[in-house]
Amino acid sequence: MEYNFRAIEAKWQQYWADNKSFKTVDDFSKPKFYCLDMFPYPSGAGLHVGHPEGYTATDIICRYKRSKGFNVLHPMGWDAFGLPAEQYAIQTGTHPATTTQRNCDNFRRQIQSLGLSYDWDREINTTDPDYFKWTQWIFTKLYGTWFDAALGKGRPISELTIPEEIKSVGLAAVRNFVDQKRLAYYGEAQVWYCRNCKTVCANEEVLNDGSHEKCGTKEVERRFLKQWMLRIPHYAERLLEGLDGLDWPEGVKEMQRNWIGRSTGAEVDFKLAGLDKQLRVYTTRPDTLFGATYMVIAPEHELVAAITTDDQKKAVEQYITHAALKSDLDRTDLAKVKSGVFTGRYAINPLNGKEIPVWVADYVLMGYGTGAIMAVPAHDERDFEFAKTYDLPVVCILDPQERTTPENRSKVLAGDACWSEDGVYINSANPEMGIQLNGLTKEEGIKQVTEWLEKAGLGKATVNYKLRDWLFSRQRYWGEPFPVIHWEDGEISLLDEMELPLRLPEVEKYQPGETGESPLSNAGEWLTVTDKQGRKGRRETNTMPQWAGSCWYYLRFIDPRNENEPFAKAKENYWMPVDLYVGGAEHAVLHLLYSRFWHKVLFDLGIVSTNEPFQKLFNQGMILAFAYETASGSKVPSDQVHEKEGKYYHLETGEELHQIVAKMSKSLKNVVNPDDVVEKFGADSLRLYEMFIGPLDATKPWTENGVKGVYNFLRRVATFFGEPGNLTLTEESKETLKALHQTLKKVGEDIEEMKFNTAISQMMMFTNHCYKVGKVTPETANTFYQVLAPFAPHLAEELWSLNGNQGSIGICPWPQFVPAYLTEEVVEYPVSFNGKVRFKLELPVGLSVAEIESSVLESDLAKKWLEGLSVAKMIVVPGKIVNVVVK
RNA sequence: GCCCGGGUGGCGGAAUUGGUAGACGCGCUGGACUCAAAAUCCAGUGAUAGCAAUAUCGUGCGGGUUCGAUUCCCGCCCCGGGUACCA
């Protein structure tokens, strides 16, 4: 048979569509397998070869699981809100919905051309009002939930007890109290604002170098704006604990842990000399309190004005104004030299009563801990640098002893070097206060000081998290509108479920306002509302960020056409959690953390039945491409390069070029379009190559020659098995049965472990075997087709039907592997002398160690290597190796 | 700086409860087929020496443990990703 992949693939894709072969039914009696791809943002550029990598992997697993008897849920949809469509609208006036529709159609066509077994009846789109109705609904749930710290869970706001003293103050106080507790709140937030995009951006979008992730400019600055925020830090502990039970890559879990950033320490109150106020600091090292020689408060700290003395007022005010203009970049990276100013005030060290100066410095951040620190320059690098800059005293209280060099130790003891590791306390006792640390080490010191502080009422053990409130609004058009009304009297109300979805209004221009307000502020009629009492209100003009839609889409796939609820409880109960979630590592922290947060809230409210949404996570690696650069390192577009005898030259200048591996990019002209690959080699070849190129989680370069290699394999399969004369054997040979069942075993195991590259190489070996023996039985062929089917489903279906089988190959149970076919009668032992393999010796299976020893020593081959030497020892590992130690 | 990955033929990569390094594929070489070429099929292919049998070397570098190390331990080098004063 000629391998006419175009005809074969068209035929079977039609067959699957006509027969709805991959439709998932909610048959609760079967074991379920929910396999999810991270749904794409349908960009105008279409699919790139990175998309099919993850999609093919999940498709193989799904097809395999179906034939193993699982009820498989394998859906696809579109994360279609987002900036590019809006940007295009600003430029051309085309409604983002139009652009989005077009892009989705293109993506669907491309994905369908790959023969992926999605249930297209479950397709969802985050921009569809029937979908975002429920995104808005979940937002109202967040708004209506508070976190009960005592129970460690979220509860409906109706279950919040309002203290009598608040009630007595009045309605506004009650409202204020409740708002303080909600998981979603509307508040003044100091946020990043990008002058270029005219939008607010999340902290996470502002890169370390002070540029905006989305647009790349450095036009970002800090502004105060009214924003919707989510209190994700309330769930910090739950999000941290939840990680332990998940089958996720360790690296991703570690990144999430670091992002949450839990630390334990103590809050300590310092009295201020001549001021009836206390300064509270957070420290992870209360044990170093004896070494605190000054204090620092953040420029934004509320006590700055009160603390500053008249003499220093001017200098401090100047410093604060200056610091406010700085971006985080200036405050961190560039500030190798720390800056600060003395407030004129002294604080009193509670352990020894000594007065220490209070400084203002921007290396202390208001957003973490209490915004104030006690500085222990001898044992903290940052404090040490600051102390050296401003010539503040450095008192060593922790002797490194033998933990460092004698030279460094004496520097540390003299206060000329910083030591932040463990040591033995010195100068750390105050008998009057009943505290004595000298001679102890760090762990014990922290414990004792914390206990002492708590007893003395000067402080308490505290846990802190780096995780900050999640800024949840954007000044954009193309996002979910908030179901929120701001009334003229200052009240905020949310729409009822009956009033959802709140659709986007038509607007004339998509340009954000100069002040950064959303395009929705131009939406005329839509904008204003009046209630039954005649009270006027204005709708929220912000929209939700792109994260919103992707935070819960895995739940909607369970019941995507449900008009009455986000999903039916019974179905959710059956399908959740997602058994396997595959996508890029770029979502390791944000998307996965936000999703987990929403999920936990929904869990606490009894809306979902699992504590965590994604049981197993797998990150596919990036697919790169070869690129070329000159000796000086400048890049040369691929169409300017020509190859000669394995070397590369510039087409015009003739200069020899160096081949490198780089991300695919338009400028390098090394982008591979899946459509072209499908056209030239077929979908099965594309699928197979993406899996064969290397381990799924590795970063690897694309080569067209590699595609040719797997195409070759498929062609050889088609040629051999498509020839009826090759399938005429009536009884299968032992060797072929062995090769077949080895393949069956290896491929099954490799799919379970997601090691697709080695599974494919095993199938290649089997095919090579078939060419060698020339003929196999039709039964052998059938079994092989089934093994091949998850990987190259079109060709497998074709050969399957050609061999006289009815119906789709996908519905047949996975063939049973028979271990008996793999048993060996002889073992070929590599025989080593002093660890060097000298010859191979074939021996029957099942010999005792003594028998193997004597067989080896008696063999003619061994004589040569034993000449003039005596055997000191023999190592025999039955079935593996023999090593003779000679002297 | 810190954290996490990773360094194996000309190339992508296999193989690690320590047990025949280089499976499979690409490329290359030779042969068959052909008037010829392409395609295909068959064979070979880590390096060095040798006609060959074979020998020596060989998994980033230097040590160590072991009968035996790509695999374990110690110390380095290089590459990729993440991160940034979190007290």
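# Chat about strand S27 and chain A

Student: How do S26 and S27 pair up, parallel or antiparallel?
Tutor: Parallel: strand S26 (residues 580–584) and S27 share four bridges. Strands here are DSSP runs of E with at least two residues, helices are runs of H or I with at least four, and both are numbered from the N terminus. Pairing takes at least two DSSP bridges between two strands. This is a predicted model, where local features need pLDDT of at least 70, side-chain atom pairs count only at pLDDT 80 or more, and totals for chains, interfaces and linings use all residues. Residues are numbered from 1 along each chain as its sequence is written.

Student: Which residue is the bridge partner of valine 582 in S27?
Tutor: Phenylalanine 618.

Student: And which way do the S27 residues point?
Tutor: Leu617 and Asn619 go one way, Phe618 and Gln620 the other. All of them are buried, meaning under 20% relative accessible area with a 1.4 Å probe, protein chains only.

Student: What unit do S26, H20 and S27 make?
Tutor: A right-handed β-α-β unit, with helix H20 covering residues 590–604. Right-handed means that, with the strands pointing away from the viewer, the path from the first strand over the helix to the second runs clockwise.

Student: Switching topic: where is confidence lowest in chain A?
Tutor: In helix H12 (residues 328–331), with a mean pLDDT of 54; pLDDT is the predictor's confidence in each residue, from 0 to 100. Where pLDDT is low, the predicted coordinates should not be read in detail. Chain A averages 88.

Student: What are the ipTM and pTM scores?
Tutor: ipTM is 0.93 and pTM 0.91.

Technical notes. Chains are lettered from A and ligands numbered from 1 in the order in which they are written. Side-chain values use heavy atoms; hydrogens and water are left out. Buried means under 20% relative accessible area, exposed over 50%, partly exposed in between (1.4 Å probe, protein chains only).
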